[in-house]
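Please keep the structure in view while reading.

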Amino acid sequence: MTDTAASNAPAPKSTPHVKDNAIIRFEGVTKRFGKMVAVDNVTLDVREGEFFALLGPSGCGKTTLLRMLAGFETPSEGRVLIDGKDIAGLPPNKRPVNMVFQSYAVFPHMKVADNVGYGLKMDGVAPDEIKRRVDEALELVKLSGLGDRMPDQLSGGQRQRVALARALVKRPRVLLLDEPLSALDAKLRDQMRSELTSLQEKVGITFMMVTHDQDEALAIATRCAVMNRGVLAQVATPADLYEFPNSRFVADFVGSVNMFEGVLEKDETNHAQVRCAELSAPVYLDHGVTGAKGATVWVALRPEKIEMHKRAEGAALIKMEDAPAGANVVPGVIRDIVYLGSETNYEVELEGGRRVKTFRSNLTRYDQEDFTWDEPVWLAWHACSPAVLLS
């Protein structure tokens, strides 16, 4: 493979109406429940017009952070600001935010239109104005003409849109989404991802979403914060999180990855080399690591960055200027094959017993070599592919 065929990171998502100023700011926010620290000294800015995702495993603190912004929890320490103003004294209904809950919380005894207009009614808005704004909101979420239906006459996706319309009808500065797609089936979830992105671009307000689904965050958000045990692990665009994780936790949590512990043998400005006990060849990189020679590091290699060949000669075609002979090329044996339609996943056992995941696209599968169980193969990757992590 030549340099031009090397896998490159996709361009980060961009939203034209995103502004540089922060609409939301968490300043040294900590939240304790008894002795348990749910959120630990978090400082974070969310810019106006962003679709921002809080991503992490269950119990990492992401929902608690969202609830403090909504006013359902109070920080033990620190400040939460919207438009530069501390909102500590404001009750939830007085904050310029609205929240869509995981369960949707649609009133089962009310018609769709009444559900959507309920908040406006509680605020004393005139009936004619309520009707006009409810109609606008239903049209925005593609539910025009369904205002007289009851919630039990709607599909799961339609009930989710009712919850969105009810949140948007009050015209909040920020829309908060707590695991908004988790109750939907896989096909509808994919559809709603696209609709949420389109909706956010159309209304132009800041969306802040909590999710544990990495695919959901990468597909929807313009920027993500990965949380772990109450702290921010990394804040970056989806592309940078995936291609340039700053730790083993982020690399392992965001997408599938092969991780190898090794020793940094060389570290120059434009190249580096790592020796890993589980690999029979050195890992060569076309960039520096900025770590001390001899330091313990971890090599993170995404499955799609690994090529599989029947012959060592084919694997050796990967171009690596000044690389030592045999670098980034290792032998193995195919131990598992999983066909997934658009791609086929493989597990290859290396000489020392370690198994490595790789996959091939089935877009041109009839033009490719066929591989089968227990077949000897050669794995290879380009010098720009691995991420080398110091922690």
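Strand β3 and strand β8 (residues 206-211) run parallel and are joined by five bridges; two strands are said to pair if DSSP finds at least two bridges between them. Within this pairing, L55 stands opposite T211 of β8. β3 also pairs with strand β9 (residues 223-228), again in the parallel sense, over four bridges, and here L55 stands opposite V226. As a general point, strands of a sheet pair through backbone hydrogen bonds, either parallel or antiparallel. Helices (H or I, at least four residues) and strands (E, at least two) are DSSP runs, numbered from the N terminus.

The model is predicted: local features need pLDDT of at least 70 and side-chain atom pairs count only at pLDDT 80 or more, whereas totals for chains, interfaces and linings use all residues. Residues are numbered from 1 along each chain as its sequence is written, and side-chain values use heavy atoms, with hydrogens and water left out.

The pairings of β3 belong to an open sheet of six strands with the order β6-β7-β8-β3-β9-β10 and mixed pairing. Its edge strands are β6 (97-100) and β10 (231-236), each of which pairs on one side only. Neighbouring strands of the sheet are turned against each other by 20° on average, direction ignored. M99 has L176 of β7 as its bridge partner.

How many residues of strand β3 are buried? Five of the five residues of β3 (residues 51-55) are buried, so the strand is largely enclosed by the rest of the structure. Buried here means under 20% relative accessible area, exposed means over 50%, and partly exposed lies in between (1.4 Å probe, protein chains only). In a regular strand the side chains alternate between the two faces of the sheet. In β3, F51, A53 and L55 point one way while F52 and L54 point the other way, and all are buried.

Helix α5 lies across β3 and β8 and runs at about 155° to β8. Axes are lines fitted to C-alpha atoms, for helices over the stretch in contact, and angles run from 0 to 180 degrees between N-to-C directions. α5 (residues 186-203) also packs with helix α4 (residues 156-168), at an angle of about 20° and with the axes 11 Å apart. The two helices are therefore roughly parallel to each other; angles under 35 degrees count as roughly parallel, over 145 as roughly antiparallel, 65 to 115 as roughly perpendicular, and the rest as oblique. The crossing of α4 and α5 is right-handed: a crossing is right-handed if the near helix is turned clockwise from the far one by less than a right angle, and left-handed if anticlockwise. In α4, G156, G157, Q160, R161, L164 and L168 meet L188, Q191, M192, E195, L196 and L199 of α5, where contact means heavy atoms within 4.5 Å. The residues of this contact divide into six nonpolar, four polar and two charged. In this classification Ala, Val, Leu, Ile, Met, Phe, Trp, Tyr, Cys and Pro count as nonpolar, Asp, Glu, Lys and Arg as charged, and the others, Gly among them, as polar.

The contact involves V112, A113, V116, G117, L120 and K121 of α2, together with I130, R133, V134, A137 and L138 of α3. By class, eight of these residues are nonpolar, one is polar and two are charged. The buried residues of α2 are V112, N115, V116, G117, G119 and L120, and their cover includes α3 and α4. G124, whose phi is positive, near 80°, follows α2.

Attention may now turn to strand β2 (residues 36-47), in which A38 is found. A38 is buried, with a relative accessible area of 8%. Not counting residues up to four places away in sequence, A38 touches K31, F33, C60, G61, T64 and G230.

Finally, the protein chain as a whole has nine helices and 20 strands. Its C-alpha trace spans about 75 × 50 × 40 Å along the principal axes. Of the 391 residues, 48% are buried.
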